[in-house]
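Biologist: Could we go through this structure together? I would like to start with the terms and then move to the details.

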Amino acid sequence: MKNQLAMGAIMALLVPFAGRAQVVREAVIAAETAFAAQSAQAGTGAALLAHSAPTALVTNEGKWANAQEVWKARTSQAGNYQSRYPVLADVAQGGDLGYTTGPWTAYKNNQPHTSGEYVTVWRKQPDGKWKFVVDMGIERIGTAPTKTANVPQPHLLPAAATPSTAPSNIVLDIDRKFSIAQQLKPGATYQQYLSSEARLYRPGLSMMQGAAAAANMKNLDGSYLFTPVTGYLAASGDLGYVVGNLTRPAGTKHPEENGSYLRIWRREAVDGWRVVLEVFNFTPGAQDAVAAPAPDKEPASGQLPSTPSN
């Protein structure tokens, strides 16, 4: 009975935001759809320039870079483009932050070349338009998730909106607390902080989701050192993200890892702050140096090729 009363109270608090949140979610999905359409028609570079905020971040060889600064120096190449579509979208109750994620496919000479998963974080700009502030992707193994007529959203309810006067500090502090804890007990910390709906993206692996994500992280072979670079928490205090750098010493089952991470935090009604999405990019390792590079390889969504395209 107590749990039912608590959930009833939560629902009552969320009612004023429900209609607005749906309108905002549709706006974010529309921005994602326009981004994807322009990417397929005019090339990834043109889409990135048109839909990115001035300080938007992407990754280059596992390192963070300003999207506009890099892509302004590049020219699109006919027949080389990306297609993508969202399979999940969520927004903050305050209407200023959201994210989309789904599969991408890169085409070279109009033929499928590589594929993977992308994560794009969107923020409402002062002029009312939605621009992405982080776009990050990985190459995947396995089959892409199916496109649906209606883009799903998380099933778990968010916590009631709690406006904050220091949004960036709050989400960065949460991320640092998680980072410190997992250095001592990596597997247990992931299990503690992962949402039951969490999605984990790692280069070259299938997506880990929900219970499978927690199970896979339970016996994590060694801890990561995460160093946050920047972050943002929505004005309603229920959704935020952190980007940063990562490193993990070589272990018995893996080589040394260095690179970047994006972690999306959501304050859930029952469990509080939880990681709902985490994606890694790695810098090329020693094992890659001895391998012949793939010619003219199309970068993953949100990743930048190491040399300009012609």
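Modeller: Let us begin with a term: a residue counts as buried when its relative accessible area is under 20%, and as exposed when that area is over 50%. Please keep in mind that this is a predicted model.

Biologist: Which residues of H6 are buried?

Modeller: The buried residues of H6 are Gly210, Ala213, Ala214 and Met217. These residues cover an arc of only 95° around the axis, so they lie on the same side of H6.

Biologist: Why would residues three or four places apart point the same way in an α-helix?

Modeller: An α-helix has 3.6 residues a turn, so residues three or four places apart point the same way.

Biologist: And which exposed residues are on the face turned away from the buried side of H6?

Modeller: That face of H6 carries the exposed residues Ala211 and Ala215.

Biologist: What do the buried residues of H6 pack against?

Modeller: They pack against helix H5 (186-193), S8 and S9.

Biologist: Let us turn to the sheet. In what order do the 6 strands of the open sheet come?

Modeller: The order is S9-S8-S13-S12-S11-S10, and the pairing is mixed. At the edges are strand S9 (208-209) and strand S10 (225-233), each of which pairs on one side only.

Biologist: How many bridges join S10 to strand S11?

Modeller: There are 8 bridges between S10 and strand S11 (residues 239-248), and the two strands run antiparallel. As an example, threonine 230 has valine 243 in S11 as its bridge partner.

Biologist: Which helices lie on this sheet?

Modeller: Helix H4 (residues 167-184) lies across S10, S11, strand S12 (257-268) and S13, and it runs at about 160° to S10. Helix H6 (residues 210-218) also packs on the sheet, where it touches strand S8 (194-201) and S9. The direction of H6 makes about 70° with that of S8.

Biologist: Going on from S11, how does S11 pair with S12?

Modeller: S11 and S12 run antiparallel and are joined by 10 bridges.

Biologist: Is S12 mostly covered or mostly open?

Modeller: S12 is mostly covered, since 11 of its 12 residues are buried.

Biologist: I noticed glutamate 278. Where does it lie, and is it buried or exposed?

Modeller: Glutamate 278 lies in strand S13 (residues 272-282). Its relative accessibility is 0%, so glutamate 278 counts as buried.

Biologist: Which side chain does the side chain of glutamate 278 make a polar contact with?

Modeller: The partner is the side chain of tyrosine 190, at 2.9 Å. Leaving aside neighbours within four places in sequence, glutamate 278 is in contact with several residues, including Tyr190, Arg199, Arg202 and Arg263. Phe178, Phe226 and Leu262 are also among its contacts.

Biologist: Back to H4 for a moment. What can you say about arginine 176?

Modeller: Arginine 176 is found in helix H4. It is partly exposed, because its relative accessible area is 39%. The C-alpha atoms of arginine 176 and valine 242 are separated by 9.8 Å, although these residues are 66 residues apart along the chain.

Biologist: A change of topic: which residues other than glycine have a positive phi?

Modeller: Two examples are glutamate 61, with phi near 55°, and asparagine 110, with phi near 65°. Glutamate 61 is in the loop between strand S1 (52-60) and strand S2 (63-66), while asparagine 110 is in the loop between strand S5 (97-108) and strand S6 (111-124).

Biologist: Are those two buried or partly exposed?

Modeller: Glutamate 61 counts as partly exposed because its relative accessibility is 35%. Asparagine 110 is also partly exposed, with a relative accessible area of 47%.

Methods
Residues numbered from 1 in each chain as written. Predicted model: local features only at pLDDT ≥ 70, side-chain atom pairs only at ≥ 80, totals over all residues. Heavy atoms only, no water. Helix = DSSP H or I, 4+ residues; strand = E, 2+ residues; numbered from the N terminus. Buried < 20%, exposed > 50% of the residue type's maximum accessible area, 1.4 Å probe, protein only. Polar contact = N/O pair within 3.5 Å; in protein donor to acceptor, adjacent residues only side chain to side chain. Contact = heavy atoms within 4.5 Å. Pairing = 2+ DSSP bridges. Axes fitted to C-alpha atoms, helices over the stretch in contact; angles between N-to-C directions. Arc of directions from axis to C-beta.
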